[in-house]
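Okay, thanks for having me, everyone. Let me put the sequence and the structure up, and then I'll walk you through two things I looked at.

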Amino acid sequence: MQVVAKISQSALEHNINYIKSLSPSSKIMSMVKANAYGHQIEYIEPILSKSDYLAVSELSEGIELRKLTKKPIVILSGPFNLDDLTLMIDNEFQFVIHEMSQVSLITSSAKDMSVWLKLDSGMHRLGLSIKDFPEVIKTISRNKNIKIESLMTHFANADDPQNLKNDEQLNCFKEKVQYLEFQNSLCNSAALMNNEELHFDIIRPGIMLYGISPFHQKNENLKPVMEISAPIMSIRHIKKGDSVGYGSTYTADKDTNIATIGIGYGDGYPRHAKNGTPVLINGKKYPLAGRVSMDLITVDISNDHFQIGEKAILWGNENLPIEQVAEFAGTIGYELTSRLTSRVQFQVAE
Ligand SMILES: *Cc1c(COP(=O)(O)O)cnc(C)c1O
């Protein structure tokens, strides 16, 4: 009995085409870090073939991705020592420079390389400071072996379009960076969906490629890429007043039937999913009843009848968007897809 993740190629294709329609003149750097947000890089061919750049977080992810594509790959963390730098250059990776120590590292090399310079425009996580940025551009420009592929910054509140910090960050970028001489890149999915003014030369969609909205609500223009399913393993009748699962957190308020399904936090189903989290069986939603355990969940199917082995869908169906499951589990779709474990069997769906 196994948990299956079906990855829809036509949904991937649809989503990237939708992104192109939103920003027809920008290039696309597709974010495929964390194994394509848990979708597995070997299952996302439409993204690999339709993007201008691909980005991953770490060198090791880049090395895996290089086996699948000759497209430009950007390593977001950049090099931290000479060994990293050598490997990045040898694999023809581009990389992001966000730290002064990285500036010294690359300017001491005579090899050809292409870099992205990241400005900390207000998120205060990564990026060169406003104070250092202009000087860094000058220093690097003197090294003819180093090409500045693009300048970039990242928004802290793109999913909240009313937030005034968005404008502050945009103005900081526009004022402090000589952005006309270079390509510029500012947008994650939320910024790209909310504000055309932020598109600039290169957009950086992540979550929306996978058909998941960066906001709390499902977006009708995106098609879910990953469908997670697991089989019903057992069904039992319980009486009013009986409770279910560890800690007996669910007590039946009437006589009912409980279906036990073969998925748990050991597969990546969130342990914090509350009683009432919807599970889809044969097109109908049923509430989670009792605590999520490592291998199993329990669902109240009332008086409906199912066969053992019947498939339950946990998320990624038109009728059960991941955004809804995430809300019940106090998290976001990003975390659900990227935390699936090696026990899950991946399949390509057309
Ligand atoms: C992950 C990431 C993105 C994509 O963010 P989404 O919200 O998934 O669209 C964009 N830019 C950077 C620098 C990132 O690390």
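This is a predicted model: local features need pLDDT of at least 70, side-chain atom pairs count only at pLDDT 80 or more; totals for chains, interfaces and linings use all residues.

Now, how covered is strand 13 itself? Mostly covered: it spans residues 256-261, and six of its six residues are buried. As you know, side chains in a regular strand alternate between the two faces of the sheet. Here, Thr 256, Ile 258 and Thr 260 point one way, while Asn 257, Ala 259 and Ile 261 point the other, and all of them are buried.

Okay, zooming out to the domains. The chain is split into domain 1, 9-210, and domain 2, 226-348. Their centres, taken over C-alpha atoms, are 37 Å apart. Seven residues from domain 1 and seven residues from domain 2 make the contact.

In area terms, about 760 Å² is buried between domain 1 and domain 2, and carbon and sulfur atoms give 72% of that. On the domain 1 side, His 39, Tyr 43 and Ile 207 lose the most area to domain 2, together 52% of what that side buries.

And what about salt bridges across the interface of domain 1 and domain 2? Zero by the rule used here. For polar contacts across that interface, there are two residue pairs, both at pLDDT 80 or more.

Methods: Residues are numbered from 1 along each chain as its sequence is written. Side-chain values use heavy atoms; hydrogens and water are left out. Buried means under 20% relative accessible area, exposed over 50%, partly exposed in between (1.4 Å probe, protein chains only). Helices (H or I, at least four residues) and strands (E, at least two) are DSSP runs, numbered from the N terminus. Domain bounds come from an automatic or database domain assignment. Contact means heavy atoms within 4.5 Å. Buried area is the accessible area (1.4 Å probe) that two parts lose on being put together, summed over both. A salt bridge is a side-chain nitrogen of Lys or Arg within 4 Å of a carboxyl oxygen of Asp or Glu. A polar contact is a pair of N or O atoms within 3.5 Å; within protein, one must be able to donate a hydrogen and the other to accept it, and residues adjacent in sequence count only if both atoms are side-chain atoms.
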